[in-house]
Amino acid sequence: MSAECQSFFHSLPAFVQKMGVLYPEIELNLQLGATQQTISLLLAGELDTALVTVKPESDQLDSTLVFEDELMVLMHEENPLSELPYLDAGHFADSCLFIHSYPLESVSVYEHFLKPNKVVPRKVEALPYTELTLKMIEANMGLYCVTKWALAPFKLSDELVMKSIGAKGLRRKHYLVVREEDRNKEHMANFKSSFLEEFG
């Protein structure tokens, strides 16, 4: 299994352990390096399932909506943008945006908010570790787009604030995807129902 949203990996180890108890005959491995190629790896049979934020159009894949969340902008309270009720695309133009990894097209806030508005941040810096990114935000060095649930494992400074992205917020959906040929297999159906019960 893999997930496009790297923050989701924080939630998966406990689920993997639970599945190991319920279904000891099934081995569940997390593929951390497959976040940018989940759909192609699924189609190639190198992954059995993945959590993605854009529903694939292939008729070879079965997609189930798991949950919906909202991306927010995390910043230091001394950032001038913290005075605003929400951030428009233009507010990112003169900022440093911290992301987990390239390519930029794989970053939700860019692909679904900044790119359609023809905005590229002044500086984009990829930091694969959330802990390090939070330290940079605590030092008032830029902006970080993240969901509240992704920050739950971390102790946040009281000096950090979160703002909505756009007047209506930037929401995204997460889909559990399996190959169509596998979706009715008993072990996959059990996995899917357990996953939806845990995260839906």
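The largest pocket of this predicted model holds about 630 Å³ of space. A pocket is here an open set of points on a 1 Å grid over the protein atoms alone, where a 1.4 Å probe fits, with protein on both sides within 12 Å along at least five of seven lines; lining residues have an atom within 4 Å of a point. The volume is the space filled by probe spheres set on the points, which are joined across faces, edges and corners. The lining comprises 29 residues, and E4, S106, V107, S108 and R172 are the closest to the centre. Helix α3 (108–114) provides the largest share, four residues. Helices (H or I, at least four residues) and strands (E, at least two) are DSSP runs, numbered from the N terminus.

The second largest pocket contains about 330 Å³ of space and is lined by 17 residues. Nearest its centre lie I26, E27, L28, N29 and D48. Both α1 (12–22) and α6 (186–199) supply at least two residues of this lining.

Residues are numbered from 1 along each chain as its sequence is written. Local features need pLDDT of at least 70, side-chain atom pairs count only at pLDDT 80 or more, totals for chains, interfaces and linings use all residues, and side-chain values use heavy atoms, with hydrogens and water left out.
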